[in-house]
Amino acid sequence: METFFQQVLGGIATGGIYACMALAVVMIYQAIHHLNLAQGEMAMFSTFIAWQLLQWGFPYWAAFVLTLGISFAGGFLIERVVLKPLENAPVLSHLVIFIALYAIFNSLAGFIWDFTVKPFPSPFGTAALFGEGLIGAHQAGMILVTLIVLFLLFAFFRYTRVGLAMRAAAANPESARLVGIRVGTMAALGWGMAASIGAVAGIMIAPVVFLEPNMMLSILLYGFAGAVLGGLTSPGGAVFGGFAVGVIENLAGTYIPVVGAELKLPIALALIVVVLVIKPNGLFGRTVVQRV
Amino acid sequence: MKKDLRYLGTLGVAAGAAVFAFAAGAAETGVTDTTIKIGLVQPFSGPASAYSQIAKTDQAYIKMLNDTGGVCGRQIDLIAYDDGYSPPKTVEQTRKLVESDEVMFIFNGLGTPTNSAILKYMNAKKVPQLFVATGASKFGDPKGHPWTMGWQPNYVDEGKIYAAYIRENLPDGKIGVLYQNDDYGKDYLNGLKAGLGDKASMIVAEQPYETSDPTVDSQIINLKASGADIFVNVGTPKFAAQAIKKAAEIDWKPTQFLNSVSNSVGAVLKPAGLEASTGVISAAYLKDPQDPQWKDDAGLKKWHDFMDKYYPDGDKTSSFTIYGYGVSQTLEHVLRSTCDDLTRAGVMKAAANIKDLELDVSLPGINVNTGPDDFYPLQSMQLEKFNGERFELFGNVLDGASASN
Amino acid sequence: MTAQQDIALPAGRDKTADRKSGTAMLLLSIAVLAVLFLCPLFLKNFTVFQLTMMLIYAIAIMGLNLLTGFNGQFSLGHGAFYAIGAYTTAILMEHFGIAYGWTIPVAGLVCFVSGFLFGLPALRLESIYLALATFSLAIATPQILKLSILEEWTGGVQGIVIIKPDAPFGLPLSQDQWLYYVTLGTGLLLYWAARNLVRSRSGRAIMAIRDNPVAARSMGVNVSLYKALTFGVSALFTGVAGALAAIVVQFVAPDSFTLVLSIALLVGLVVGGVGWLPGALAGGAFIVFVPNIAEEVSKGLSGAMYGLIMILLIYLMPSGAGGLIRTLADWQKRR
């Protein structure tokens, strides 16, 4: 029973990582109705920028804010420069662009900062908090930051004009254009915000998994899984999904005999697929009515 | 039978061609009067690209050799290709090197699955697959694969060394193992079990992890819960560091053994936290450049000079650059000792006839030794303990093969 | 990765233009075929090997195209079926001593069944959710292949080494040339089958589902069955490609079938042209040769080069090689 309790707590701690990333996934989905495969690599690149700023002697929070700004500009520019010309290309072409961006960021980061793991500082310290340190100060801080971002995002989409316009632009570009929303600008704005949230996620995750160019490889998948499980249209659902994935994964690894330890990720994913088969729009997602 | 006859025919043609070639004064494939062409395949891209630092060090070393006059009066042309750690790509790139670039041999290919993929091909073609960069025990089989040779101490032997230490000093302990779920992790685990022999039941928990796992937190919690008081950490640098850090965070204080792949102070113990790492036991065969005891070491001095001049971007805290230097130095030795017989067979013969070669970067007393029946160039290691600042070597130089009983 | 309609071919092209450019296309096809048949006789064995790999990837892409291009279902996990095909062949050859020729249809069959079974639950999943499910499949594949309880059969992480077959009947061909022709023959057979499938009644049903599932259902098409069957057929193609790859590469191991493979197949599909079967050849060439070009340009930044080439290609031909050829044909016609 003690192990169970510890694994659940441990799962919530790791789930915080996934929840963070899941929020970035929801952000981009709300803005462009796509999943961006390069999102993890963009977050990794942002984190390296933060690391570089810290190396140059910037204080932590200055580096943090500056990185968010740079990431926003970077995301905005990528949309304008790389994706704008392909506005009318088929979806699969966009997918290839995402894959290309993925390769470029990964390769560039390795080229500039090489592949050795680097420790990344935490603003919350590393002291153990409770449960014999199962959740450390940093993890608790990370969960807090995730919840703050969640709250901001929720408020943004629910109460601001830009947020509403962005959702409209993504859900139905033609109608949105008719009511005077600048669909292109909205997409670029969405990219910028998603890049910033990704930067927050990267900066929060790096102290736990260490900084290196491949750090986001699997975290992005967990983030996707969490977001999809909770519902891509619901930031709160995505955060819940992230935590759920962390806990499910730990429990599968601990309690399923023979194959559990070796297959904890596939088992967790299979469970999510089962959930999706039963509830195709995720646990908290809205059902989309299809028109013929 | 029919097949044999055809092979005989081929042999006849080949012999004829050889005689003809000899008459024309041509030398071995890849060798001219002024150059020796060597091939190398490593992951320069993809998730395993961190290892390509080894290849870059190899290239830098060859450049140094060429700048100082080359070997056997010839310049070395080292052609390096990228396989992204994908076995089909390794086959393609290797065939390109052998059949299109016509290299004399392949040097220091990296990875177990990748080298396994070309093992048969290289031996059928009788092209040396020299000093593969993997500690898997299967790359040292002179009978089965006479054209393939490893270099570093193999993982099984290292596992046995830890087992011997545990049997002797911690006979009542309970062992928990964290291992990467691939050939590398499993070789260690098997070595550990073989070394423990009848005491293998001391292992109370085995926790695998995948390289796709973001963290190994869950595994460490389970290991602690198993009641283990000895922790054998068979992870690559990132995961090994995470494990040490997590163990300290959850207040688990076992006697820790850290596999040599990850015993770098700069790349593992520092990120994990020096305090949390204090007391970690590991085994080494190469010098750690971070270790102040080698401050005035002549061998490492040469390595420092080499790094400054030929690989200034290289990471001096990484064990990969030390590794690349050591393996390249061994290559230099092999080539120099076969100058009068620069053939593929000659290279293999020289590689299988190294006696007590001292490397600049290997620990004192750990030398390269091979023989016609011994295709494991390095086999000895020495235990070391981390004192919060650096590793301190202790005990004798141990031979993995004899550590089991 | 959103709505399915987006993948549809440019519609509304008039038939007469098709017939006119048809002759040119026929001539082009004959030329390509002739080159494919003759080239191994004049090339080094290593190059023949590369071309064989290109054909193998082309077969796999053709399978993916049936699913994505014609049925509108995404798959980021076709590497899994490629792996199942490869392992079926390897295990049959290694543990049962079955001749390589027989293992290929068996591998196809096994993959058809796996694809069908995977397709059944995947039916309920649309676009992004299907993408996630298949993405998961790609991630899970190497881990399942490594599983210690299957190690007796799969060889675990060490994989299985296969013996390369000689040309039969004393044909004066090297092993590489022989395997090239085996692959070419299989590829042409499958191409013929795919073409006929697409033009058949079933093919129209499959495409109707892509264009508008609700309308297709109301017209009496059994959407679930067709979707699952298409998944099966698509997996069959890809599985046969995997089986051939196992024989040609002489080795299977979990690390050969990672997410990178699935992604490469998808990129090959888009580069070749979604919904255009011959485009697979261009896609196969992309997978084999472009990484090498990227590496030549810059070793340290080969990933970035690879990405740049991809972006460039998409700019130049947003609908892949197929789209480019169609555009050229239209331009020719207008002149």
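**Exercise 1. Two helices in chain C**

Start with α2(C) and helix α7 (residues 175-199) of chain C, whose axes come within 9 Å and cross at roughly 15 degrees. Work out which word describes their directions: roughly parallel or roughly antiparallel.

*Solution.* A quick note before the steps: this is a predicted model, where local features need pLDDT of at least 70, side-chain atom pairs count only at pLDDT 80 or more, and totals for chains, interfaces and linings use all residues. Residues are numbered from 1 along each chain as its sequence is written, while chains are lettered from A and ligands numbered from 1 in the order in which they are written.

Step 1: Helices (H or I, at least four residues) and strands (E, at least two) are DSSP runs, numbered from the N terminus. Axes are lines fitted to C-alpha atoms, for helices over the stretch in contact, and angles run from 0 to 180 degrees between N-to-C directions.

Step 2: Pick the class. Angles under 35 degrees count as roughly parallel, over 145 as roughly antiparallel, 65 to 115 as roughly perpendicular and the rest as oblique. The crossing is at roughly 15 degrees, so α2(C) is roughly parallel to α7(C).

Step 3: Look at who touches. Two residues are in contact if their C-beta atoms, placed from the backbone, lie within 7 Å. Among the contact residues are C:Val48, C:Leu55 and C:Phe70 of α2(C), and C:Gln177, C:Tyr180 and C:Leu190 of α7(C).

Step 4: Sort them by class. Ala, Val, Leu, Ile, Met, Phe, Trp, Tyr, Cys and Pro count as nonpolar, Asp, Glu, Lys and Arg as charged, and the others, Gly among them, as polar. This contact has 17 nonpolar, six polar and one charged.

**Exercise 2. Zoom in on C:Val48**

Decide whether C:Val48 is buried or exposed, and find what touches C:Val48.

*Solution.* C:Val48 sits in helix α2 of chain C.

Step 1: Count neighbours. A residue is buried if 20 or more other C-beta atoms lie within 10 Å of its own, exposed if 12 or fewer, and partly exposed in between, with C-beta atoms placed from the backbone. C:Val48 has 24 other C-beta atoms within 10 Å, so C:Val48 is buried.

Step 2: List the partners. Leaving aside neighbours within four places in sequence, C:Val48 touches C:Pro40, C:Leu43, C:Asp176, C:Gln177 and C:Tyr180.

**Exercise 3. A helix pair in chain A**

Now try helix α1 (residues 2-32) of chain A and α8(A), which pack at about 175 degrees with axes 8 Å apart. Say how they run relative to each other.

*Solution.* Step 1: Use the angle. At about 175 degrees, α1(A) and α8(A) are therefore roughly antiparallel.

Step 1: Check the classes. Their contact residues divide into 20 nonpolar, three polar and no charged.

**Exercise 4. Chain C meets chain A**

Find how many residues each chain gives to this contact, and which helix of chain C has the largest share.

*Solution.* Step 1: Count. Chain C gives 44 residues and chain A gives 41 residues.

Step 1: Find the helices. On the side of chain C that touches chain A, α5, α9 (213-218), α11 (259-272) and α13 of chain C each supply at least two residues. The largest share, 11 residues, comes from α5(C).

Step 2: Sort. That side of chain C has 31 nonpolar, 10 polar and three charged residues.
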